[in-house]
Amino acid sequence: MLTIGDFARASRLSAKALRRYDELGLLPPARVDPFTGYRYYAEEQLERARLIAWLRGIGMPLAEVGRVCALYASDASGAARAIRGYWARVESETAARRDLAASLVDRLKGPTEMTDETADETADAATDETADAATGGTADGTAGRPAFVLRTAVRLDRGLVRAAQQDAAHAGPHLLAVADGYGPEGGRAALAAVGALEAVPPPAPSARAGDVLNALEDAVRAADGAVSGLAESGTTLTAAVWTGGRLALAHVGDSRAYLLRDGAFVRLTRDHTVVQALVDAGELDPAEAADRPDRALLLKALDGGNAAPEPELGVHETRPGDRYLLCTDGLSAVAPADDIRRALAAGVGPDEAAEALVALARERGGPDNVACVVADVVPA
């Protein structure tokens with residue numbers, strides 16, 4: 001038997017940590033002296049103690065440490081998979097924070113007002129009056145008619161395989177959203193999440209980037225609460241708030257947002273999936289990701305659990321002629337990105353483009369529900 005001091009030195013855990021783990025039932029001592037209260041540990045407990053130390057070393061919360069240790073006692077391979085799943089979530093969350101940090105750096109380099117002018121870099125002769133109009137203001141600071149608005153279209157399609165529609169979508173003058181529900185109440189979950197986002201008010205002319213992002217983050221939390229109580233069900237959510245000059249995005253799950261600008265097609269969101277986390281970590285080639293059977297295994301979703309997931313947030317400058325697409329994976333998982341780009345770049349309006357995207361998914365078997373929103377930045 002080892003005293004708590006000897007066991008602490010051998011396991012690289014402090015005596016204070018050992019007492020805490022005893023209280024939590026993670027690592028109770030082999031024997032406690034009934035008179036002195038001294039704790040004594042068996043050498044066989046060192047392996048579990050070291051595992052706890054290593055798991056805490058990678059930042060794993062104590063509740064998950066307990067589950068992994070319990071699993072390790074009967075299924076070492078299962079414990080290894082649990083650790084890998086935890087680290088995949090860490091990688092995904094780190095990548096999302098990196099994107100937000102980059103967005104913040106860009107914001108701090110220049111003006112922070114959400115109502116800054118919409119700059120068309122190809123126009124060399126833009127006047128101050130035109131720039132003010134693009135933000136909904138005038139040279140003397142009074143409110144005016146915005147120079148640019150969103151022209152939108154939304155399409156929902158059940159697909160050719162699914163018995164029910166579990167996707168939801170919204171396209172309004174200031175809010176775009178798509179949601180992909182799952183589980184027995186997935187359709188209700190998606191509708192509830194989108195409904196919660198519809199409560200986000202139009203940004204005020206003086207709204208700052210942080211104000212709009214905070215409102216979006218609060219709405220995502222409300223959406224998670226709206227899903228609460230739907231047994232074994234949840235939903236993804238990708239939403240954007242238009243301010244007249246910028247698009248603020250909030251994203252949870254594997255639905256996506258894209259931008260088509262001057263022929264270039266850019267994905268604005270990162271999938272919160274195990275497969276994407278492995279790609280981000282360099283453990284999986286992106287070309288192999290689409291063929292993985294677990295490609296839809298989510299790391300983040302709105303499910304009304306104990307803690308709402310942190311959404312991926314970002315702010316993107318808009319230009320006249322930009323075309324945005326928000327869609328569920330019923331489209332993005334079955335249609336190659338080049339085909340989606342061609343459908344968006346075909347020179348047709350949002351309605352025709354949205355119809356073409358639904359047809360694209362159906363041409364590939366329509367294995368899942370599809371929700372898509374197409375939004376163009378056009379003159380008012």
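In the predicted model examined here, in which local features need pLDDT of at least 70, side-chain atom pairs count only at pLDDT 80 or more, and totals for chains, interfaces and linings use all residues, D157 is buried at a relative accessible area of 12%, where buried denotes under 20% relative accessible area, exposed over 50%, and partly exposed the range in between (1.4 Å probe, protein chains only). Residues are numbered from 1 along each chain as its sequence is written, and side-chain values use heavy atoms, with hydrogens and water left out.

The side chain of D157 meets that of R362 in a salt bridge, at 3.0 Å from N to O, the term being applied to a side-chain nitrogen of Lys or Arg within 4 Å of a carboxyl oxygen of Asp or Glu. Because D157 lies in strand β4 and R362 in helix α13, this pair ties together parts that are 205 residues apart in sequence; helices (H or I, at least four residues) and strands (E, at least two) are DSSP runs, numbered from the N terminus. R362 is partly exposed, its relative accessible area being 35%.

A salt bridge is also formed between R155 and E355, with the closest N and O atoms 2.8 Å apart. Here R155 belongs to strand β4 (residues 148-157) and E355 to helix α13 (residues 350-363), so that distant parts of the chain, 200 residues apart, are linked. E355 counts as partly exposed, at 43% relative accessibility.

By the stated rule, the count of salt bridges comes to 21. Among them is the pair of R323 and D376, whose closest N and O atoms are 2.6 Å apart; R323 in strand β13 (residues 323-327) and D376 in strand β14 (residues 370-379) are separated by 53 residues, and both residues are buried.

Three aromatic pairs are present in the structure, a pair being rings of Phe, Tyr and Trp (its six-membered ring) with centres within 6.5 Å, and planes under 30 degrees apart counting as stacked, over 60 as edge-to-face and the rest as tilted. F7 and Y41 form a stacked pair, 4.3 Å centre to centre with 10 degrees between the planes, which links helix α1 (residues 4-11) to strand β3 (residues 39-41). F7 is buried, with a relative accessible area of 0%, and Y41 is likewise buried, at 0%. Y258 and F265 are stacked as well, at 4.7 Å and 10 degrees, and Y258 is buried at 4% relative accessibility.
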